[in-house]
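Work through the following exercises with the model open beside you, and try each task before reading its solution.

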Protein chains: 2
Amino acid sequence: MNTEPAREIDAFLSERLDGYIDETARLCAQPSVSAQGIGLSECADIVAGLLDQRGFAVQHVPTAGAPVVVGRLQGGSQRTLLFYNHYDVQPPEPLELWTSPPFEPVVRDGALYARGAKDDKGEFVARLAAVDAVRSAHGGTLPCGVLFVVEGEEEIGSPHIARFVQEHKDLLACHGAVWEEGGTDAEGRPQVSLGRRGILEVELTVETMRVDAHSGQADVLPSAAWRLLRALASLKGPDERIRIPGFYDAVLPPSPGDVAMLEALPDYEPHLRATYGAREFVLGRSGRALNHAVFEPTCNIQGLTSGYQGPGAKTIIPARAAAKLDFRLVPDQDPDDVFARLRYHLDAEGFADVEAAWIGAMWPSKVPVDDPLVALTARTGEEVYGLPSLLLPLGGGSSPFYAFARPLGIPVVTAGVGYGRNRTHAPDEHVRLNDFLNAARHIARILEGFGDL
Amino acid sequence: MNTEPAREIDAFLSERLDGYIDETARLCAQPSVSAQGIGLSECADIVAGLLDQRGFAVQHVPTAGAPVVVGRLQGGSQRTLLFYNHYDVQPPEPLELWTSPPFEPVVRDGALYARGAKDDKGEFVARLAAVDAVRSAHGGTLPCGVLFVVEGEEEIGSPHIARFVQEHKDLLACHGAVWEEGGTDAEGRPQVSLGRRGILEVELTVETMRVDAHSGQADVLPSAAWRLLRALASLKGPDERIRIPGFYDAVLPPSPGDVAMLEALPDYEPHLRATYGAREFVLGRSGRALNHAVFEPTCNIQGLTSGYQGPGAKTIIPARAAAKLDFRLVPDQDPDDVFARLRYHLDAEGFADVEAAWIGAMWPSKVPVDDPLVALTARTGEEVYGLPSLLLPLGGGSSPFYAFARPLGIPVVTAGVGYGRNRTHAPDEHVRLNDFLNAARHIARILEGFGDL
């Protein structure tokens, strides 16, 4: 970017940092706990007010759940950048583990402490600050349009966001998006995540008898535990290959660009060993092979339950057994398709009696490595943080990237105030003031460049 | 048996039935709940008193748990018959489901209702009645010696009985035993059980990480649930064959006599279908093949536990998983040997990280079909009940038959007051007065014949 606006922007943000931290604190002082239905409409109103006072055209769009606040501001180009954020927060409990009360924000040791200080109110206000700074540097006009989409149900799994986007494609027309969160790794290297795996969550249940039976009859009466175990064993071999016919049909291999990015990532093995105490990894993987595995879809058992689980023993044959599964899906797998294939597989393997219940799903989504927004985000990240950006071609987890990327046909990237140890979702959640400033600088630079991509 | 003593015995018992029911009621009025440590020594004293007043030489033998009451009475022959019984009862809860209070015995509709009325105080007093009747018919002398062994921990799994017998072989010298319970099936046919399977109970546990991990890392972090599942699948194939090397080495096939007995048993398939609502049985067995299966040892899963088991989903990889197993063992399998082979098998299959913890064990035990005590018990049962005796060569469950049969070198059979619907262990436990009378008559006839076997 030109040096002159950059210098102006950085000075603008440095001078007003305390003011933006105050603005974040006021937003955090309003509890907005979606899981507990607390303070959502009040918080949506504050968010709408912050957009309105900046001249955004603001709407509260109702959904089957909490309303979505949408704010649009025209820019100097036809191109528009979408910021996805959320105004709800995780429950603050356990309260006794907080050093200061979760909804009484306070700055100490260079950081603002409060529930939502990072996730996602700090992220949201850092973006407002970036918008203010860029406008100031350009005589009041943005070089591109900006569209805020701020929902109120992210912390309960965004159950209505995909449908909301589907039903409001015109309202949401834009050319790229920055996801609700981002930042650096623990060593201060800026990270840009280019996608997320999808997920299919199902519960398998089998009932072989009306009631549990005495285990002295195990030579004749059918065990639900063994039946479930056989069904699960049919899904995946010890080679980790998922045995559902056609499961891999839609899998796209990583592109040469993806492979190059994976090779450039750090070796996370020491971190994984230290954090989890794992003696060995899946299929004996080690070193950078652990990074590459994200392009493998998985079949994970979240939980198993059957029969007697208390102390000692109970001589029963369980009548019922259940397993919760999640399949992490890579581009271009489709959870609807995988669910249908799972049912077909169970029937074909003789497990018609094993019920498969749909719990939930998200679709995979990934921006192409060569999308100009990726290069812009990476380059400006390096400018701000002074270290090369780490590009993560695909995140192992799942989030509704797809809900925007697919229907709107846009690239989605990440940038933000995080540093990997913000205690997000935990007591003493905080955002460091310097991270806030850097995130605002980074977002401002993306806004500067986005109009010309 | 001679008609004359039989007639005298039956008359003696009919005349005094009400008195013996009163005696049972007094014994039941004393709570003696081993699981709750209530009233055991008080009840042991009453039992000792009942034996003492009949001239038995009585001892309270201490164990690491509740004392065993042992009473011996000499007879006219050198041969002695052992009666194994217990003075403890199951907890009476849930109290609200009892028609009358569990420890306030009452006779209604031809049955005595109380906790312990059947299991095992009614059984014990019916044997005392038989002893009294036989002595009366023989001028005060028994035709064989009688040895009562009445323990106080049967309802908590008889944890000390095997050691007690091992350590008191001289005290317990005898030539045969009648087990603590018996009787007829629901159609009034006398049943004689000639043995019990053994059991080995173990818990398999595996821990792959220190803490649960996010399931977005399932491509690299090891799942305890899948690991346990693989270990379990290695134990038994879908053909139900247990894959532990040498597991079947000590298995004795059923003898021709056993096979003949199994063929003579009723077809229990309709009963099993009605009781359990099972659509199909293990290996598709049906009809009398269900009876024959008792000679197959089993590997049963009592319970499975891992990860998240609440409502909805939780995107975790479980760090820990556990399964409780029981192996039902047939003659001459040995739980110590099976446990060692299980450990060897897990190690050999690459599951050295799967811990196997010993929960408990019992050994299999079976009296030979041609033992004279079997014929005596069957013949006298038919005399009393008017229907041919059903001989069960091996019961599917486990009980400490072996604890007496093996160290003492004696045959063990069953006879008693049950009719299959006594609500044993449940509210409204009862013994029918007519069943009590028939059991006393049956036991008396066994005592009459045992001296001459």
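**Exercise 1.** Determine how many bridges join strand β13 of chain A to β13(B), and which way the two strands run.

*Solution.* Strand β13 (residues 298-307) of chain A is joined to β13(B) by 5 bridges, and the two run antiparallel; strands are DSSP runs of E with at least two residues, helices are runs of H or I with at least four residues, and both are numbered from the N terminus. Two strands count as paired if DSSP finds at least two bridges between them. Within this pairing, Gly303(A) has Gly307(B) in β13(B) as its bridge partner. The model is a predicted one, in which local features need pLDDT of at least 70 and side-chain atom pairs count only at pLDDT 80 or more, while totals for chains, interfaces and linings use all residues. Residues are numbered from 1 along each chain as its sequence is written, and chains are lettered from A and ligands numbered from 1 in the order in which they are written.

**Exercise 2.** Describe the side of chain B that touches chain A by its class make-up, and find which element supplies its largest share.

*Solution.* Begin with the totals: the contact takes 63 residues from chain B and 63 residues from chain A, where two residues are in contact if their C-beta atoms, placed from the backbone, lie within 7 Å. Elements of chain B that each supply at least two residues include α5 (224-235), α7 (269-276) and β15 (320-329), but the largest share, 9 residues, comes from β13(B). Sorted by class, this side of chain B has 30 nonpolar, 21 polar and 12 charged residues, with Ala, Val, Leu, Ile, Met, Phe, Trp, Tyr, Cys and Pro counted as nonpolar, Asp, Glu, Lys and Arg as charged, and the others, Gly among them, as polar.

**Exercise 3.** Compare the radius of gyration of chain A with that of a compact globule.

*Solution.* For 453 residues a compact globule would have a radius of gyration near 22 Å, and chain A has 24 Å, which agrees; the radius is taken over C-alpha atoms, and the globule rule is 2.2 Å times the number of residues to the power 0.38. The C-alpha atoms of chain A fill a box of roughly 85 × 50 × 45 Å along the principal axes.
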